[in-house]
Amino acid sequence: MLRATQAPVTALYCRLSRDDELQGESNSISNQKRILEAFAKDKGLLNCKFFVDDGWSGANFDRPSFTEMMEGVENGEIKTVVTKDLSRLGRNYLQVGMYTEMVFPRKGVRYIAINDGVDSAQGDSELSALKNLFNEWMVRDTSKKIKAVFKSKGMSGKPLTSYPPYGYVKGSDGMFAIDEETAPVVRQIYALCLAGNGPGKIARTLTEQNIPTPGTIEYQRTGNTRRYYPDYPCRWSATTVGHILERQEYIGNTVNFKTEKVSYKVKASVQNPEDKQMVFENTHEPIIDKTTWERVQELRKQRKRPNRYGEVGLFSGLVFCADCGSLMYQQRYDTPTRKQDCYICGSYKKRTADCTSHFIRTDLLTEGVTANLRAITGYAAKHQAQFAKLLMAQTEDGGKKKNAARRRELDSAEKRITELKGIFKRLYEDSVSGRITDERFAELSADYEQEQAALKERIARLQAELVKAQEASANVEKFMNVVRKYTSFEELTPTLLREFVEKIVVHEAVALDGKRRGKQRTQEIEIYYSFVGKVDLPEK
């Protein structure tokens with residue numbers, strides 16, 4: 001804020017952007033000061049004060065010194081503003097015009113642009129509007145050139161971001177390299193998520209361990225304070241953890257064009273939709289393997305809230321009612337006469353739908369899932385090749401025989417399409433030469449067109465089925481990678497469970513004596529494994 005003086009202030013305003021620096025010394029701050037000082041002395045302008053914005057674009061009018069100067073204009077302390085030329089005031093012709101033609105005249109301020117011959121005390125300059133347009137055109141042209149360079153670099157697969165993701169540093173080649181200090185924290189975050197912990201719980205765990213946040217690490221290394229909170233250097237947030245859990249960079253991919261500026265006049269960036277982003281795979285060493293990352297993405301879709309005892313249940317977010325599809329909730333009875341941990345239907349518990357409890361004890365559910373999982377990992381360890389074939393055969397689109405038949409049918413359909421093109425050509429030639437009548441041509445061509453349309457539809461269906469079959473094959477391999485990690489295990493841990501199981505469907509229990517309640521009951525549970533769904537082992 002300017003302080004009151006006896007004589008009105010003459011503001012000598014200088015501005016230099018990074019693009020202006022490329023044009024040489026003529027636009028430098030020191031050269032501008034020299035020109036303005038000499039001009040003020042020559043014209044007898046008194047009580048001069050410099051206002052300098054070094055490194056600020058002319059398209060941005062939120063410059064600190066410019067803002068300070070305009071405060072002086074508004075409160076009447078400044079009565080003359082001098083710049084080297086119109087472009088120093090700004091490069092947006094609408095805003096520059098607003099200041100020179102509305103704000104300055106309204107406040108009785110004389111404006112002078114030395115090199116452009118503008119002096120409001122001598123009347124309006126007919127060329128100032130054109131010069132303002134030219135100055136803005138230069139900003140627009142520069143913006144286009146910068147965007148072209150930016151796009152070229154981004155399309156080459158090199159990271160565009162100036163700040164590598166937490167867990168990485170920028171290598172000498174501009175690519176991401178693993179940071180040995182912070183990469184173990186990233187692995188810990190993913191391991192905690194696999195164990196059934198949500199971002200909030202993970203953030204609290206890291207905070208309790210006094211692990212510096214990404215913003216603190218950045219400040220310690222670069223001095224940048226954009227995400228640094230000195231009072232809370234180790235306080236993690238759920239948002240930060242969630243962001244780390246969804247970034248593809250941790251599996252070795254580079255993702256460019258995540259954001260864009262809607263206009264060179266607007267500095268704020270907006271998030272790009274996924275179809276506008278570019279993903280380059282295997283550009284650097286991964287911190288997290290792809291199977292783990294994909295499993296974490298699936299788990300993130302499921303809600304895993306702590307129960308009233310502050311715990312996340314072993315099966316939290318994984319168990320569903322077979323009849324109404326509702327998520328089943330953990331229930332604990334702890335009374336002098338009854339101690340029991342179980343899961344019951346969420347709709348039944350909240351009375352939101354007409355459903356039964358589907359009550360199942362946690363210990364029995366654990367026992368059943370553990371037994372099934374041991375059977376699968378045991379069979380896979382002994383008969384790995386047979387197990388992979390079994391999974392392929394059980395998938396809806398799997399099986400080598402099915403796929404071979406689809407390919408033969410596809411080849412036959414494509415061959416017939418080629419034949420029909422030749423037939424159409426001969427029919428047309430016969431029609432032109434008069435060897436067949438127009439009526440006969442129309443009749444035959446209609447039949448062949450109908451056959452061609454049916455063939456195209458069949459080809460599209462077969463191609464889609466083959467793509468699904470390829471995906472099924474890839475999913476089988478992903479599941480086999482998980483199986484190879486756990487060919488044997490001692491107990492069912494949250495991490496192991498969530499790596500293997502996608503969901504568990506619980507049916508209502510049925511008493512063996514036909515009654516709804518009985519001492520002997522049977523209860524069916526269906527286990528859907530990650531990537532492959534239900535798995536039925538051979539009975540032997």
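At what angle do helix α7 and helix α10 pack? Keep that in mind while you get the model open; it is a predicted one.

**Stop 1: two crossing helices**

Select residues 183–194 for α7 and 238–246 for α10. Their axes are 10 Å apart and the angle is about 90 degrees, which means α7 runs roughly perpendicular to α10. Now show side chains. From α7, V186, I189, Y190 and C193 make the contact, and they meet V241, I244, L245 and E246 of α10.

**Stop 2: the five-stranded sheet**

Going across it, the strands come in the order β2-β1-β3-β4-β5, and the pairing is mixed. Click on β2 (48–54) and β5 (118–119): these are the edge strands, and each has a single partner, so one side of each has no neighbour in the sheet.

Zoom in on β1 (residues 9–16) beside β2. The two pair in the parallel sense, over seven bridges. To find your place along the pair, look for L16, which stands opposite D54 in β2.

**Stop 3: the largest nonpolar core**

Which residues have the most contacts inside the largest nonpolar core? Select F315, F387, F500 and Y529: those are the ones, in a core of 37 residues. Among the elements that each supply at least two of its residues are β14 (339–345), α14 (384–394), α16 (438–485) and β19 (525–529). The largest share, six residues, comes from α13.

Centre the view on F500 and skip its neighbours within four places in sequence. What remains in contact with F500 is L373, T377, F479, V482, V483, Y486, Y529 and S530. Apart from this core lies another, of 28 residues, including V186, I189, V241 and V296.

**Stop 4: L496**

Last, go to L496 in helix α17. Is L496 buried or exposed? Its relative accessible area is 3%, so L496 is buried, the cut-off being under 20%. Beyond the neighbours within four places in sequence, L496 is in contact with L373, Y486 and F489.

Finally, draw a distance from the C-alpha of L496 to the C-alpha of A195: they are 7.7 Å apart in space, although 301 residues separate them in sequence.

Key:
Residues numbered from 1 in each chain as written. Predicted model: local features only at pLDDT ≥ 70, side-chain atom pairs only at ≥ 80, totals over all residues. Heavy atoms only, no water. Core = buried A, V, L, I, M, F, W, Y, C linked by side-chain atoms within 4.5 Å. Buried < 20%, exposed > 50% of the residue type's maximum accessible area, 1.4 Å probe, protein only. Helix = DSSP H or I, 4+ residues; strand = E, 2+ residues; numbered from the N terminus. Contact = heavy atoms within 4.5 Å. Axes fitted to C-alpha atoms, helices over the stretch in contact; angles between N-to-C directions. Parallel < 35°, antiparallel > 145°, perpendicular 65-115°, else oblique. Pairing = 2+ DSSP bridges.
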